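Subject: Structure for you to look at

Hello,

Here is the structure I promised to pass on. Please open it and keep it in view while you read the notes below.

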Amino acid sequence: MPRPAKVPTPPPPGYVWAPEAARRTGRSVKTLWNYRHKGIGPKAVSIGRKLAYPIDELNAWLQAELNPEPDADREHDSRPPEPRITKSARAKSAA
């Protein structure tokens, strides 16, 4: 008698498995695992040996990646631009 086909279990409502999260974010599954390890990516829930990502969390994380908030400290931390020296100014200083 033939064995029944193994049908993947669906994720809980409001969640997607790691391969679907990778497709939605445009990153690989391994990258998402690394992000989770470093604590920089979208939050995931471990269900057995699989990772499930809340859809709301993925969407919020993608929005934050696409539209980062400006950092006020970083804005004023840069050096002002150097003044341009034109040929006529160089000629006057050489004379």
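In what order do the three strands form the open sheet? The order is β1-β3-β2, and the pairing is antiparallel. Please keep in mind that this is a predicted model.

**The sheet**

Start at the edges. β1 (15-17) and β2 (45-47) stand there, and each has a single partner strand, so one side of each is left without a neighbour in the sheet. On average, neighbouring strands are turned by 40° against each other, direction ignored.

Now take the pairs one by one. β1 and strand β3 (residues 50-54) run antiparallel, joined by three bridges. Look for Trp-17, which stands opposite Ala-52 in β3. Next to the sheet comes a helix: α3 packs on it and touches β1 and β3. The direction of α3 makes about 65° with that of β3.

The other pair is β2 and β3. Three bridges link these strands, again in the antiparallel sense. Here Ile-47 has Lys-50 in β3 as its bridge partner. β2 and β3 form a hairpin with two residues between the strands. In this hairpin, Gly-48 takes a positive phi near 65°.

As background, strands of a sheet pair through backbone hydrogen bonds, either parallel or antiparallel.

**Two helices**

Two packed helices are described by the angle between their axes and the distance between the axes. Helix α1 (residues 18-25) and helix α3 (residues 55-66) pack at about 25°, and their axes are 11 Å apart. Angles under 35 degrees count as roughly parallel, which is why α1 is called roughly parallel to α3. Their crossing is right-handed.

Which residues make the contact? From α1 come Ala-21, Arg-24 and Thr-25. From α3 come Ile-55, Leu-58, Trp-61 and Leu-62. By type, the residues of this contact are five nonpolar, one polar and one charged.

**One glycine**

Finally, find Gly-41. This residue lies in the loop between α2 (29-38) and β2. Is Gly-41 buried or exposed? Its relative accessibility is 9%, so Gly-41 counts as buried, given that buried means under 20%. Leaving aside neighbours within four places in sequence, Gly-41 is in contact with Tyr-35 and Trp-61. Gly-41 and Glu-57 are 16 residues apart in sequence. In space they are 9.8 Å apart, C-alpha to C-alpha.

Best wishes

Notes:
Residues are numbered from 1 along each chain as its sequence is written. This is a predicted model: local features need pLDDT of at least 70, side-chain atom pairs count only at pLDDT 80 or more; totals for chains, interfaces and linings use all residues. Side-chain values use heavy atoms; hydrogens and water are left out. Axes are lines fitted to C-alpha atoms, for helices over the stretch in contact, and angles run from 0 to 180 degrees between N-to-C directions. Helices (H or I, at least four residues) and strands (E, at least two) are DSSP runs, numbered from the N terminus. Angles under 35 degrees count as roughly parallel, over 145 as roughly antiparallel, 65 to 115 as roughly perpendicular and the rest as oblique. A crossing is left-handed if the near helix is turned anticlockwise from the far one by less than a right angle, and right-handed if clockwise. Contact means heavy atoms within 4.5 Å. Ala, Val, Leu, Ile, Met, Phe, Trp, Tyr, Cys and Pro count as nonpolar, Asp, Glu, Lys and Arg as charged, and the others, Gly among them, as polar. Two strands pair if DSSP finds at least two bridges between them. Buried means under 20% relative accessible area, exposed over 50%, partly exposed in between (1.4 Å probe, protein chains only).
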